[in-house]
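Please look at the sequence and the model below.

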Amino acid sequence: MALPAVRSSGPLGRWDPFREFEDLHGRLGSLLESVAGSVGDTVRAPLADVTETAEAYLVEVELPGVRRDDVVVDLAGNELSISGEVREKERQGLFRHRTRRVGQFSYGVTLPRDVDADRIEAELADGVLTVRVPKTEAAKPRRIAINGK
């Protein structure tokens, strides 16, 4: 008895076990959010990007609809933490569909130790919080002159 051949319309590739774990993690996260999201008091992490330039680290966090007074930015050692609350707007009428989240949020990132904590700047514009963490002078790249004949 012959087994049926499995055919795929896509190109054949190598099996990646990590992709399987990422898919499982995403599915479990979606399931947990659908269950816990209805509770309303869960703490979530907003979407964020961390980039490094020659002079500083830039942390950009998406916070649409959040007021400046509802956000707290702290630096303890080399741990940068951003927390706050998305407040519910007063509305009239009956909700028919809702996907926007309200409640507490928290985001944290560990930065290298070469940061200048006294010159950190934070700006909230167009729903994006940008935290600029400058590097110390010793950490900035520099070109070394080559001596010789």
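**The open sheet**

E1 and E2 run antiparallel and are joined by five bridges. Here strands (E, at least two residues) are DSSP runs numbered from the N terminus, and two strands pair if DSSP finds at least two bridges between them. This is a predicted model, in which local features need pLDDT of at least 70, side-chain atom pairs count only at pLDDT 80 or more, and totals for chains, interfaces and linings use all residues. Residues are numbered from 1 along each chain as its sequence is written, and side-chain values use heavy atoms, with hydrogens and water left out.

Asp49 stands opposite Glu60 in E2.

On to the next pairing. Strand E2 (residues 56–62) is joined by seven bridges to strand E7 (residues 128–134), and the two run antiparallel. Leu58 has Arg132 as its bridge partner in E7, while Glu62 has Val128.

Taken together, four strands make an open sheet with antiparallel pairing, in the order E1-E2-E7-E6. Its edge strands, E1 (48–52) and E6 (121–125), each pair on one side only. From one strand to the next the twist averages 15°; axes are lines fitted to C-alpha atoms, and angles run from 0 to 180 degrees between N-to-C directions.

What sits over the ring of Tyr57? The charged end of Lys135 does, 5.1 Å from the ring centre. Such a contact counts if NZ of Lys or CZ of Arg is within 6 Å of the ring centre and within 35 degrees of the ring normal.
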